[in-house]
Amino acid sequence: MELNSQSTRLAKGACWMIRLRWLAIVVVVAGTYFSSNVLGISMQDFALYGIGVLLAIYNTTILLLLKHFTRGQIEPPTQAVKRIINFQMSTDLLILTVLLHYSGGIENPFVFYFIFHMIIASILLSVRESYLQVTFAVSLFGLLVLLEYIQLIPHHCLHGFVVHCLHRDGLYVFGTFFVFVTALYLVVYMASYVAVRLRRAEQAYKEANVQLQEKDRVKDEYVLRVTHDIKGHLAAIQGCLGVVVNKIVGSLNEEQSDLINRAHNRTRKVTYFIKALLRLTQMRLSNNLEMDSFSLKNTICDVVTAVETKAQSKSIALNCSIGPSVNEIFGNQLSIEEAITNLLFNAIKYTPINGTVEINAREQSNCVLVEIVDTGIGIPQGELSKVFDEFYRATNAKEVEKDGTGLGLSIVKQIIERHNGKISVDSQEGIGTKFCFTLPKTSCSKV
Amino acid sequence: MEKAKVVIVDDDLDLTKALQIVLESEQYAVVTASDRAGGMEKIKSEKPDLIILDVMMSTWQDGFEMARELKQDSQSKDIPILILTAVKDRTGISFKSAAGDPVWLPVDDFLDKPVEPELLLSKVAELLSKSR
């Protein structure tokens with residue numbers, strides 16, 4: 001779930017109001033036309049169409065104003081956006097009152113459309129501001145009803161909709177106004193109650209999320225510390241065993257040599273695992289990756305050359321196809337090299353003798369798309385979503401290769417995502433696997 | 001030809017012992033030290049042909065600082081330095097691109113721990129042939 005800051009939430013709310021207002025303009029114009037020309041209700045067409053035009057001009061102005069405040073800013077200024085919302089809300093109430101004045105005043109059932117404004121105010125504004133808005137709405141409508149009642153301003157009766165004018169009917173006016181006032185205040189009370197609870201829940205969620213991230217960081221620090229210390233000891237063990245295995249200190253009998261070789265091999269496997277775990281943890285903890293322009297084309301060629309011998313040893317055809325426009329990209333060359341090496345080694349490892357492994361790179365809009373396709377054992381459909389998980393190994397992969405860290409693809413995913421790229425996998429068991437990843441060509445591009 | 005002399009500075013005594021045996025098997029004269037101060041002293045007195053330096057001793061940057069100090073000293077600045085490290089895992093420093101930077105990391109080459117005997121010997125021979 002994406003967690004927005006208050007200012008972003010308010011800016012989105014302000015945009016939402018603008019979109020709703022375009023809808024309201026259409027309803028005003030179409031409603032006036034329909035009521036007047038189809039239903040034959042007596043309407044102040046000229047004034048109502050004029051209000052529609054004014055609304056359109058006003059909405060465009062608000063839109064430009066909002067764009068001005070939020071342009072190029074990740075975090076728009078909260079107070080400015082809040083002021084725009086309050087201004088919009090108050091102006092809307094004023095316009096709705098004028099609209100009602102030209103369309104029957106208290107006779108017009110659309111008076112209850114004030115409720116929508118009150119709900120929006122409760123969602124976007126503070127409780128205090130919401131009550132101020134409802135009081136303003138009640139005052140405006142109350143003033144309209146009173147002025148029409150005492151005939152200080154003219155009343156535009158909705159002939160065709162009501163049998164006779166109701167603006168002087170004291171009981172009707174009082175009753176409708178009473179329901180209007182109570183409905184508006186009750187709506188604000190209820191909507192604010194829900195909105196406040198939701199805001200509190202969102203805040204608690206945000207805080208919990210921050211705490212979880214911190215705990216995750218502490219856990220990573222711990223893993224880093226422990227694995228680094230283990231690696232130091234392993235390096236010493238492997239160094240000492242290496243001396244014996246290489247017979248530098250003399251020969252051993254066959255049984256002794258076999259046992260030492262076994263110990264040496266196991267140490268190498270543990271060291272490899274610890275190194276992979278360290279690499280992954282280090283990447284998770286590091287916020288920045290040194291980026292520079294480099295040739296992706298050359299990097300791919302280098303990796304292909306490096307894994308060629310491995311492919312040849314299994315008589316696997318290793319094909320490489322790089323589009324003419326693929327060359328310089330912005331990123332960390334060593335990491336990208338590591339990711340491609342990991343994927344190609346995996347493809348070779350899980351492709352049977354005489355199979356095929358391909359690497360293709362081509363431009364795709366402002367990104368480079370790299371595909372690694374093999375005719376290997378594939379990944380079971382049910383396990384595809386888990387292959388990038390840490391320590392996960394597909395069941396058929398374990399049958400082919402008993403030892404494996406289950407960290408290689410997690411590292412690849414981390415590397416690609418650090419470059420604002422995306423990685424995906426498609427596979428059919430027994431047919432083959434295709435890994436695709438995209439990398440932006442420039443630093444500012446997003447995939 | 002006189003056999004080359006190598007000083008190993010590493011606080012891991014077990015690893016130092018293994019490295020020493022490997023190098024001595026190829027007739028190198030090996031002198032060891034377990035900390036920065038001892039290492040500086042041995043380098044000054046023994047005047048080695050090559051220095052093998054661990055990055056992380058008492059602090060994670062001990063090896064870096066010692067390498068800088070050695071390269072600033074007129075008596076030791078021409079001695080090739082081979083740095084042994086597992087520090088990349090803790091810091092994310094890319095040694096492949098940093099080794100050879102005369103200001104930031106003034107070492108001639110690096111090897112990631114653990115080091116296989118063959119790799120160590122080939123790297124040592126390579127550095128010595130370059131400097132001679």
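**Note on strands, helices and the A–B contact**

1. Strand S5 of chain A pairs with strand S7 (residues 432-440) of chain A through 8 bridges, and the two run antiparallel. Within this pairing, Val368(A) has Leu439(A) in S7(A) as its bridge partner. The model is a predicted one.

2. S5(A), which covers residues 367-374, is also joined to strand S4 (residues 356-364) of chain A, again by 8 bridges and in antiparallel fashion. Here Leu369(A) in S5(A) is the bridge partner of Arg362(A). S4(A) and S5(A) form a hairpin with 2 residues between the strands. In that hairpin Ser365(A) takes a positive phi near 45°.

3. Which helix of chain A packs against helix H1 (residues 6-38) of chain A at about 20°? The partner is helix H3 (residues 78-101) of chain A, and the two axes are 9 Å apart. The angle makes H1(A) roughly parallel to H3(A), because angles under 35 degrees count as such. The crossing of H1(A) and H3(A) is left-handed.

4. The residues in contact between these two helices can be listed by side. H1(A) supplies Gln6(A), Ser7(A), Leu10(A), Ala11(A), Gly13(A), Ala14(A), Met17(A) and Val28(A). From H3(A) come Thr78(A), Val81(A), Lys82(A), Ile84(A), Ile85(A), Gln88(A) and Leu99(A). By type, the residues of the contact of H1(A) with H3(A) are 9 nonpolar, 5 polar and 1 charged.

5. Chain B contains an open sheet of 5 strands with parallel pairing, in the order S2-S1-S3-S4-S5. Strands S2 (29-33) and S5 (109-112) of chain B are at the edges and have a single partner strand each, so one side of each has no neighbour in the sheet. On average, neighbouring strands of this sheet are turned by 20° against each other, direction ignored.

6. Inside that sheet, S3 (residues 50-54) and S4 (residues 81-85) of chain B run parallel and are joined by 4 bridges. Asp54(B) stands opposite Leu84(B) of S4(B).

7. Two helices of chain B lie across strands of the sheet. Helix H2 (residues 36-46) of chain B lies across S1 (5-9), S2 and S3 of chain B, and runs at about 170° to S1(B). Helix H6 (residues 117-131) of chain B lies across S1, S3, S4 and S5 of chain B, at about 175° to S5(B).

8. H6(B) also meets helix H1 (residues 13-25) of chain B: their axes come within 10 Å and cross at roughly 60°. H1(B) and H6(B) are therefore oblique to each other, and their crossing is right-handed. Leu19(B), Val22(B) and Leu23(B) of H1(B) make the contact with Pro117(B), Leu120(B), Leu121(B) and Val124(B) of H6(B). The residues of the contact of H1(B) with H6(B) are 7 nonpolar, with no polar and no charged ones.

9. How many residues does each chain give to the contact between the chains? Chain B gives 19 and chain A gives 21. On the side of chain B that touches chain A, the elements giving two or more residues are H1 and helix H4 (88-91) of chain B. H1(B) gives the most to this side, with 7 residues. The residues of the side of chain B that touches chain A divide into 9 nonpolar, 3 polar and 7 charged.

Technical notes
Residues are numbered from 1 along each chain as its sequence is written. Chains are lettered from A and ligands numbered from 1 in the order in which they are written. This is a predicted model: local features need pLDDT of at least 70, side-chain atom pairs count only at pLDDT 80 or more; totals for chains, interfaces and linings use all residues. Two strands pair if DSSP finds at least two bridges between them. Axes are lines fitted to C-alpha atoms, for helices over the stretch in contact, and angles run from 0 to 180 degrees between N-to-C directions. Two residues are in contact if their C-beta atoms, placed from the backbone, lie within 7 Å. Angles under 35 degrees count as roughly parallel, over 145 as roughly antiparallel, 65 to 115 as roughly perpendicular and the rest as oblique. A crossing is left-handed if the near helix is turned anticlockwise from the far one by less than a right angle, and right-handed if clockwise. Ala, Val, Leu, Ile, Met, Phe, Trp, Tyr, Cys and Pro count as nonpolar, Asp, Glu, Lys and Arg as charged, and the others, Gly among them, as polar.
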